[in-house]
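Dear colleague,

I am handing over the structure we discussed, with the sequence alongside it. Below it you will find my notes on what turned up when I went through it.

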Amino acid sequence: MSDAAPATTPASAPPAADPASAPANDAKDNTRPLVVSGPSGSGKSTLLNRLFKEFPDQFGFSVSHTTRLPRPGETDGVSYHFVTREAFDTVVASHGFIEHAEFSGNCYGTSIAAVQAVTATPAPSGRPRVCVLDIEQAGVRNVKKSDLRARFVFIKPPSVEEIEKRLRGRGTETEESLKARVATAVKELEEALVPGTHDVIIVNDDADRAYEELKAWVIAHYELDVPCKPVEKKVDAPPATEGKKKSKFCVIQ
Ligand SMILES: Nc1ncnc2c1ncn2[C@@H]1O[C@H](COP(=O)(O)OP(=O)(O)OP(=O)(O)O)[C@@H](O)[C@H]1O
């Protein structure tokens with residue numbers, strides 16, 4: 001892969017000159033799921049964890065379905081929707097899953113209904129929580145076919161070599177699974193970089209810089225409560241108004 005690409009590549013049409021005539025597609029809408037995809041090792045979890053930490057309770061992952069039995073401490077409807085194979089197959093047959101797969105004899109799936117349910121539990125502001133989908137390319141294609149009206153962010157690694165290095169460093173892969181992930185990454189990158197596939201492409205070369213890019217993009221497309229940071233006092237700042245109720249959050253509109 002080339003290192004020459006700009007850090008952030010708007011993958012959609014350029015913005016309209018007059019904001020008043022901006023397409024409705026650009027309006028902030030928390031009911032639109034945020035799809036974050038990218039090859040294994042590109043840094044999706046790293047960036048999303050930072051986002052969730054900085055904006056607590058304002059994002060949510062959907063609850064997946066599984067045919068495996070609950071483990072001690074797991075709650076149905078919270079950890080997973082624990083279902084029978086028959087019930088799982090019914091959802092498959094009705095095209096109710098965005099993505100599903102079988103691992104070690106158990107089925108797992110992300111349902112469209114579960115994604116929609118996330119917005120039903122509002123954020124502390126009362127606005128809908130933003131449902132985040134961390135999915136693979138096949139899932140991205142299915143979301144595009146659905147009525148979910150999602151927004152698509154692609155996290156691009158600086159190079160395939162860097163993915164391999166990071167996955168080795170993460171220490172979660174066997175040599176075999178590592179090779180498989182790298183091979184999949186090459187294919188995913190080819191497909192994902194076709195213009196129009198994603199709304200924005202963020203190159204995760206430097207985690208701090210990539211996070212700032214992601215955060216700015218998310219704030220521009222969703223209504224979030226931004227926790228206020230203490231502002232440094234300026235010498236000529238006007239005196240604070242006494243008795244005024246202070247809010248914990250600044251709302252970015
Ligand atoms: N910009 C970066 N520079 C260096 N290392 C990074 C960077 N971003 C993430 N990493 C590291 O790379 C490894 C893979 O990151 P992460 O687990 O976030 O990837 P992922 O895309 O979520 O992967 P998977 O799809 O397999 O879950 C982690 O060890 C993480 O700490």
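How much of the chain over residues 31-219 is helix and how much is strand, and how far apart are the end C-alpha atoms? Please bear in mind throughout that this is a predicted model. Over that stretch the chain is 41% helix and 21% strand, and the end C-alpha atoms are 14 Å apart.

Where they meet, domain 1 contributes 17 residues to the contact and domain 2 contributes nine residues. On the side of domain 1 that touches domain 2, strand E8 (130-134) and helix H4 (137-145) are the elements that give two or more residues, and H4 gives the most, with four residues. By type, the residues on this side of domain 1 comprise eight nonpolar, six polar and three charged.

Four of its five residues are buried, so E8 is largely enclosed by the rest of the structure. Strand E2 (residues 34-37) runs parallel to E8 and is joined to it by three bridges, with Val35 having Leu133 as its bridge partner in E8. Strand E3 (residues 59-61) is likewise parallel to E8 and joined to it by three bridges, and here Phe61 stands opposite Val132.

There is also an open sheet of four strands, in the order E5-E4-E7-E6, whose pairing is mixed. Strand E5 (81-82) and strand E6 (97-103) are its edge strands, each pairing on one side only. Within the sheet, strand E4 (residues 65-66) and strand E7 (residues 106-111) pair in the antiparallel sense over two bridges, and His65 in this pairing stands opposite Gly109 in E7. Helix H2 (residues 85-93) packs on the sheet, where it touches E4, E6 and E7, and its direction makes about 40° with that of E7.

Which strands does H4 lie across, and at what angle does it run to E6? The helix lies across E6 and E7, running at about 150° to E6, and H4 is also the element that gives the most residues to the side of domain 1 that touches domain 2.

With best regards

Technical notes: Residues are numbered from 1 along each chain as its sequence is written. This is a predicted model: local features need pLDDT of at least 70, side-chain atom pairs count only at pLDDT 80 or more; totals for chains, interfaces and linings use all residues. Two residues are in contact if their C-beta atoms, placed from the backbone, lie within 7 Å. Ala, Val, Leu, Ile, Met, Phe, Trp, Tyr, Cys and Pro count as nonpolar, Asp, Glu, Lys and Arg as charged, and the others, Gly among them, as polar. A residue is buried if 20 or more other C-beta atoms lie within 10 Å of its own, exposed if 12 or fewer, and partly exposed in between; C-beta atoms are placed from the backbone. Two strands pair if DSSP finds at least two bridges between them. Axes are lines fitted to C-alpha atoms, for helices over the stretch in contact, and angles run from 0 to 180 degrees between N-to-C directions.
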